[in-house]
Amino acid sequence: PLSIHELTVAGVKFDSFESYLFHGFLPRVHSQQQRPRTAYSSYYQTYVERDVRQLIQLKDAALFEKFMKLMAGRIGQLINYQSLGNDVGADAKTIKHWLSILEASFVVFKLHPYFENFGKRVIKAPKYYFTDPGLACHLLDIERVEQVSRDPLVGSLFENLVILEALKFRYNRGLSPNLYFFRDSRGNELDLLHKTGNEFHGIEIKSSSTYHASFKKGLIHFDENTHSLEKKSIVYSGENRTFSDGIQLASYLQIESILEG
């Protein structure tokens, strides 16, 4: 999918992150000005349901659709293959196989936890996100832009958007992603870690357009208790700002510049 920067260069710009999520980033949606709801319904039927399901060799379309909808409902959550399998009606081994096919087909991508030398108290289960949030919105039955902000998963969808933009930024420059998240057994978490050499850039992601002091919590805890952070950023939907402690508050539209800097 295209990045926000690529869309902007092409003259396509939206006023809100909800619009970016709803319209997604498939080139044809924008070049042909297709209706997102129709475009992603077609995309799902012709590519995901037909081609991907053939790779999985699954005859039950309803079961696969249930699996896809459940995946959309668990964006950014720690994956529990057994629990997901129980909800779908398949075993954990089957769920792992289906997810590997979805990854290879660029429908979803995996974000690994960072746990190097941090002992056994660190969570080692990955998280999954959609390669195009427009498809995720379709699977969540979101039919209008206005419904995005009212959806219980708006925070997860925004997180998907930001992490996806970070991934595109790295890949578009021919670089390995080197992107992770961190979470320990006590629930201390950092949404995104960008590692370069032995330097760490911590990023907290919040869909709010208004800053709150609690947004710094994950960054400060990781910096003081796990590994020093060379750079600390909070990505949200408000205006850019830098605090006296060096923490940068940045709009989701600036994800490329904060990773570059």
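This is a predicted model: local features need pLDDT of at least 70, side-chain atom pairs count only at pLDDT 80 or more; totals for chains, interfaces and linings use all residues.
Reader: Is Phe14 buried or exposed?

Author: Phe14 has a relative accessible area of 18%, and it counts as buried because the cut-off is under 20%. Tyr20 is buried as well, with a relative accessible area of 0%.

Reader: And what kind of pair do Phe64 and Trp98 form?

Author: Phe64 and Trp98 form an edge-to-face pair, with 6.2 Å from centre to centre and 75° between the planes. Phe64 belongs to helix H5 (residues 61–72) and Trp98 to helix H7 (residues 92–104), so their pairing ties together parts that lie 34 residues apart in sequence. Both Phe64 and Trp98 are buried.

Reader: How do H5 and H7 pack?

Author: Their axes are 12 Å apart, and the packing angle is about 75°. The two helices H5 and H7 are therefore roughly perpendicular to each other.

Reader: Which residues make that contact?

Author: From H5 the contact involves Leu63, Phe64, Phe67, Met68 and Met71, while H7 contributes Ile95, Trp98, Leu99 and Leu102.

Reader: Back to the rings, please. Which residues are linked into a cluster?

Author: Ring pairs link Phe14, Phe17, Tyr20, Phe25, Phe158 and Tyr252 into a cluster.

Reader: What lies over the face of Phe25?

Author: Lys168 lies over the face of Phe25, at 3.8 Å from the ring centre. Elsewhere, Lys127 lies over the face of Phe181, at 4.4 Å from the centre of that ring.

Reader: Turning to the strands, how many bridges join S6 to S8?

Author: Strand S6 (residues 231–236) and strand S8 (residues 248–251) are joined by four bridges and run parallel. Tyr236 has Ser251 of S8 as its bridge partner.

Reader: Do S7 and S8 run parallel or antiparallel?

Author: Strand S7 (residues 241–242) runs antiparallel to S8, and two bridges join them. Arg241 stands opposite Leu249 of S8.

Reader: Which residue takes a positive phi in the hairpin of S7 and S8?

Author: Gly246 does, with a phi near 90°, and the hairpin has five residues between its strands.

Definitions and conventions:
Residues are numbered from 1 along each chain as its sequence is written. Side-chain values use heavy atoms; hydrogens and water are left out. Buried means under 20% relative accessible area, exposed over 50%, partly exposed in between (1.4 Å probe, protein chains only). Rings of Phe, Tyr and Trp (its six-membered ring) pair if their centres lie within 6.5 Å; planes under 30 degrees apart count as stacked, over 60 as edge-to-face and the rest as tilted. A charge sits over a ring if NZ of Lys or CZ of Arg is within 6 Å of the ring centre and within 35 degrees of the ring normal. Two strands pair if DSSP finds at least two bridges between them. Axes are lines fitted to C-alpha atoms, for helices over the stretch in contact, and angles run from 0 to 180 degrees between N-to-C directions. Angles under 35 degrees count as roughly parallel, over 145 as roughly antiparallel, 65 to 115 as roughly perpendicular and the rest as oblique. Contact means heavy atoms within 4.5 Å.
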